[in-house]
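Student: I would like to learn how to read a model like this one, feature by feature. Could we begin with the surroundings of the ligand?

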Amino acid sequence: MPVPSALVCVRCGARQPVDHYAEDCPACRTKGVPANLTVAYGQRPGEGLKRNVPSGSARSMWRWHDFLHATAEEAVTLGEGNTPLLPAPELGLGDVWIKDESRNPTWSFKDRLGSGALTMAKRFGAKVIASSSSGNAGAAAAAYAAKAGIPCIVFTFVGSAGPLVLQMRAYGAMVVTVADKADRWRLQSLGVRELGWYPTSPFFGPVVGSNPYGMEGYKTIAFEIAEAFDWQPPDWCVLPVCYGDALYGMWKGFEELKALGWIDRIPRFVAAEVSGSLPAALSSGDSMPPEVARNAPSIATSIGAAQATVQALDVLRRSRGTAVTVGDDEMRRWVVALAAKEGIWPEASSAAPFAAIERLRAEGTINPHERCVALLTASGLKDPGPIESSLPEPPLVTGGLPDLLAALKNAYGFAHG
Ligand SMILES: Cc1ncc(COP(=O)(O)O)c(C=O)c1O
Ligand SMILES: [Zn+2]
């Protein structure tokens, strides 16, 4: 296991101590470009390993502990990671693969973040975990805090998806609802700064991203993809993006493999988002993504923030990637298509990458022969509401076979034989 030596700014490289709470870079904030920190190590992650020899036997993402900040033995783990990478030929999107993160312990990719962050919280002796989250990050924080035996407070706001909040409560988190979104950070930052609570989520604005140790967990998505493709990375990785934690983490993972010579190129990244903040920054050339107000809330509440981050923009620029803004109708359509054609029911936000691939293939940005991996970040059970009205209402059948066949025809257009 490489030993963390500093938390460094993703933008200017300034160094902070390793036990620095997950705040941003003071120098970049003063310049008006708030930027997140990332973990630097005393030695190169993976140094001395051989490519085809598995680095560990743990049945979790901590199999890659030679690239991470803790050993598999020390880690707070629920068996996250090692998710399937499945071909999706029925979608009509060409060579597209689904990295199905809905198979994680709390049914989202945030488990990698939760495991990475709670492992450090435990090492630092945190007495309380604090998260501001409308959904998946809070559910993961709650589950991993339960596993670590550390009390967890999650701030949500009025209007969060019911199943997700119930999930947090089931894991024993103390869920607190606030009327105004901004109030979550006011309260959480008081807890962090005055009471020493350990934050696993953003807790001040403008947001820079999440806990750096949590984000290390996302590197393992890149490792798993590279390994599954026999170290030939896909041409494109397409993600639903809010603050770009997973985007940055995956990119960093590929960078580390390239530095070791295990792969010879980094995939290009696409951010599928709902606000328009990243496309605006890419076309204006600004260093800070702007805040883009929406007229109505998106059905993809998990990625509903109005402003993206420097770390997300950075990865798009460095990988020669792009960003696509997707709408509710497209996401609804792709949720239903994924469930009906590939047997995987994603949360609305997780359908965004497929809408993005469709558009980028059509306009020729992604070439027909190029391979894409879409990150399917969470299960549809987390927030089933958005597609309910798109599905046929199940008919009530009380009679015999003729009535049953008539009902199947009426409701589903099914004709037997
Ligand atoms: C299901 C889902 N997909 C995507 C995202 C975007 O996450 P990130 O902050 O890593 O861009 C989130 C989270 O906030 C999420 O819950
Ligand atoms: Zn900086």
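Tutor: Three helices, α3 (136-148), α8 (245-260) and α12 (348-362), each supply at least two residues of the shell around ligand 1, where helices (H or I, at least four residues) and strands (E, at least two) are DSSP runs numbered from the N terminus. This is a predicted model, in which local features need pLDDT of at least 70 and side-chain atom pairs count only at pLDDT 80 or more, while totals for chains, interfaces and linings use all residues. Residues are numbered from 1 along each chain as its sequence is written, and chains are lettered from A and ligands numbered from 1 in the order in which they are written.

Student: Which helix gives the most to the shell around ligand 1, and which residues come nearest?

Tutor: A residue is near a molecule if its C-beta atom, placed from the backbone, lies within 6 Å of it. Helix α8 gives the most, with three residues, and of the 19 residues around ligand 1, those that come nearest are Asn136, Asp245, Ser302, Thr377 and Ala378.

Student: How do the residues of the shell around ligand 1 divide into nonpolar, polar and charged?

Tutor: Ala, Val, Leu, Ile, Met, Phe, Trp, Tyr, Cys and Pro count as nonpolar, Asp, Glu, Lys and Arg as charged, and the others, Gly among them, as polar. The shell around ligand 1 holds nine nonpolar, eight polar and two charged residues.

Student: Why is α8 said to be largely enclosed by the rest of the structure?

Tutor: A residue is buried if 20 or more other C-beta atoms lie within 10 Å of its own, exposed if 12 or fewer, and partly exposed in between, with C-beta atoms placed from the backbone. Twelve of the 16 residues of α8 are buried, so the helix is largely enclosed; among them are Asp245, Leu247, Tyr248 and Trp251. After α8 comes Gly261, whose phi is positive, near 80°.

Student: What does Ala312 contact?

Tutor: Two residues are in contact if their C-beta atoms, placed from the backbone, lie within 7 Å. Leaving aside neighbours within four places in sequence, Ala312 is in contact with Val241, Tyr243, Gly244, Leu247, Tyr248, Ala271 and Leu278.

Student: Is Ser132 buried or exposed, and which residues does Ser132 touch?

Tutor: Ser132, in strand β6 (residues 129-132), is buried, with 28 other C-beta atoms within 10 Å. Not counting residues up to four places away in sequence, Ser132 touches Phe155, Arg184, Trp185, Gln188, Ser201, Pro202 and Phe203. Ser132 and Pro199 are 67 residues apart in sequence, with their C-alpha atoms 8.6 Å apart in space.

Student: Which backbone angles deserve a second look?

Tutor: Most residues other than glycine have a negative phi, and most peptide bonds are trans. Here the peptide bond from Gly205 to Pro206 is cis, with omega near -15°, and Pro206 is found in the loop between β9 (198-199) and α6 (212-216). Asn82, although not a glycine, has a positive phi of about 55°, and with 14 C-beta neighbours inside 10 Å Asn82 counts as partly exposed. Asp230 also has a positive phi of about 55° without being a glycine, and counts as exposed, with 8 C-beta neighbours inside 10 Å.
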